[in-house]
Amino acid sequence: MASVPPATEKERAMQREYWEEHSKKQGSSMENMMLDRSAAKLDLMDRPEILSLLPPFAGTRILELASGIGRFTGSLASKAASVVTVEFMKEFLAKNKELHDHLGNCEFICSDVLTLALPPASFDVVFSCWIQMYLNDDEVRSLAARTLEWVKPGGHAFFRESCFRQSGDVSRAFNPSHYRHPSFYTSVFSQVRCRDPADGVEYGLELVRTRNLETYVAVKGNKGQICWLWRKVPVVASNTDSVPIPVAGASTNSPGYSPIPPASALSMPYPNGSSSCGSSSSSSSQQPNALLAAPATGRLATHDGLFGAGFGSDRLGGAGPAAALAEALKLDGPGKKVVDWQCGMGGYGLYVAEKCGAQVWQVEERTALVEPAVENAMTKPNAYTVLEVCSLESREFDAGSVDAVLLHTSQPSPLASASTSSLSFYKRAAEWLKPGGCVVAGLVVGSEEEAETIKAAMKQALGGEVAMTDMTPQMLEWVGKDLQAFKSSSSNSGSSNGSCNGSSSSDGRSLNEDGCPGGAAGAKARSADVGIREQGEKEVNAAVGKWWEEQLAQTKAGTVRYVVCKALKQH
């Protein structure tokens, strides 16, 4: 095996020193594993939640990375055929072996994951909880490639990381952890490829689900504990050219993190392609993965300028329509569970959580929308929001577990049209609702006939009358004011968004706050970069303004209407 590069040796030594410090203070304890004084309470909620997100693993072969003292080892081994558990701290591994060796199906290996040698395609599941935050960016890329190699075709990789900021409250003399933007992990793991030496088939990872963890939302108001589930699938040839995006979240050390990419970058797909066991090129692409697709409206779908943060993917958004939908919900007290279906960039659900005290579960099928939604939600720790990216066709909630389902004007959707899938969805929603629960939908429609068809579908599914309020006059007022404010803001923005201020990178290089290089060479690079970004921003602003002027004209002409529908579950 190749020797470890000097930069990686330095990183590994620093991380070992970090854990040795905490071992001296906390020993091989749960508090040390979670670096939190409330670890015992958190573990009772966090561990079952994590396990519930895994694919069925009874009878499987599992590789558990960075297992610590075995917080998950026993639960995994209780169902799996075998568990290979890996930890680089000898005292932690010894404690894990003491606790779980009696199960008889665990193998305990003391090793750093970056030097770990295992046969390819030998595990059904590769599992880790808090490891990549202790790796630098290149090490994460290396582990992603190794993970793909170790998983069997059709098998899964699951990991959970702290994004944006630290999770625990244990004091630290120093903290070398890397708190990244979640889009960094999504991008890195979507790009890795490997080729089966036996049959020559090329494989990649397909995203199955990603979401933040409800335990940390409920207990700490922390939306940045995020997990991913990937499946190993064959890569197929494609003539579609990929468009690389700037990778967000190349890490910094505590307490900061790298900012999200600009709107223009988020609208592009994650890079696809192939190479032999590494990152991808542009020669081929993985099977279509809807969760990594760009929003249907391209750059406009990621632009928050018109309605405000969290509403950039909506055809109508902002505090006005959000307040109208919150009023229609009529939640009779805090703590009600609301499903924000096809949540877009999360503005509506976040508003309902903040203003109504609701526990809002926000579901979407595009990472490019939800990842910035999570970042926005981090600014409101008291708003209870869980954000999830998954297939909307298969996502279900327990019967009778939901107080309300919220629909709004995210991307044009069958739910906002006279289609059979519209009726099918409302029937699913009726199953989730408690008796007396409601569906509230704020929809942009093209005609009164379309509105009546949607109303009939809701009535058939929920079994009661549907109250429909035509709010087109309010829509004209909202959009008119927002458009005027947007134009004013765009004309006054100037070049301030392109300025750079001093900072430093995770590897010690001189950087400015937005990641621009420092020094004389950096000044020249910044000048070119600022010009490019200003030109792109002007183009986006012009397109946004023009598109919304057309929407306003159509609304005034009566060809576009905004209706709010509410139906109660009767059976």
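Predicted model: local features only at pLDDT ≥ 70, side-chain atom pairs only at ≥ 80, totals over all residues.
I take buried as under 20% relative accessible area, exposed as over 50%, and partly exposed as in between, with a 1.4 Å probe and protein chains only.

**Ground rules.** Residues are numbered from 1 along each chain as its sequence is written, and side-chain values use heavy atoms, with hydrogens and water left out.

**Overview.** I looked up the secondary structure and found 16 helices and 18 strands in the protein chain. Helices (H or I, at least four residues) and strands (E, at least two) are DSSP runs, numbered from the N terminus. Of the 571 residues, 54% count as buried. I then checked contacts, meaning heavy atoms within 4.5 Å. Among those between residues at least 6 apart in sequence, 74% join residues at least 24 apart.

**Positive phi.** I looked at Ala121 next. Its phi is near 50°, a positive value in a residue other than glycine. Ala121 sits in the loop between strand 3 (106-110) and strand 4 (123-129). Its relative accessibility is 34%, so I log Ala121 as partly exposed. Trp130 is not a glycine either, yet has a positive phi of about 65°. I place Trp130 in the loop between strand 4 and helix 6. Trp130 is buried, at 10% relative accessible area.

**Helix 6 with helix 7.** I followed the chain into helix 6 (residues 137-150) and compared its axis with that of helix 7 (residues 182-191). The axes come within 9 Å and cross at roughly 45°. Axes are lines fitted to C-alpha atoms, for helices over the stretch in contact, and angles run from 0 to 180 degrees between N-to-C directions. The pair is therefore oblique. For the angle classes, under 35 degrees is roughly parallel, over 145 roughly antiparallel, 65 to 115 roughly perpendicular, and the rest oblique. The crossing of helix 6 past helix 7 is right-handed. Right-handed means that the near helix is turned clockwise from the far one by less than a right angle, and left-handed means anticlockwise. From helix 6, Asp137, Val140, Arg141 and Ala144 meet Phe184, Tyr185, Val188 and Phe189 of helix 7. I sorted these residues into six nonpolar, no polar and two charged. Ala, Val, Leu, Ile, Met, Phe, Trp, Tyr, Cys and Pro count as nonpolar, Asp, Glu, Lys and Arg as charged, and the others, Gly among them, as polar.

**Helix 10 with helix 11.** Helix 10 (residues 319-329) packs on helix 11 at about 60°, with the axes 10 Å apart. Helix 10 also passes helix 11 in a right-handed crossing. I list Ala319, Pro321, Ala322, Ala323, Leu325, Ala326 and Leu329 from helix 10, against Tyr348, Tyr351, Val352 and Cys356 from helix 11. By class, that contact has 11 nonpolar, no polar and no charged residues.

**Cover.** Helix 11 (residues 347-356) is mostly covered, with seven of its 10 residues buried. Among them are Tyr348, Tyr351 and Val352. Just after helix 11, Gly357 takes a positive phi of about 70°. In helix 12 (residues 367-377), 11 of 11 residues are buried. These include the charged Glu371 and Glu375.

**Cysteines.** I searched for disulfides, pairs of cysteine sulfur atoms within 2.5 Å. I found zero. Cys343 is in none, and its nearest cysteine sulfur, that of Cys390, is 9.7 Å away. Cys343 is buried at 0% relative accessible area. Cys438 is also buried, at 4%.
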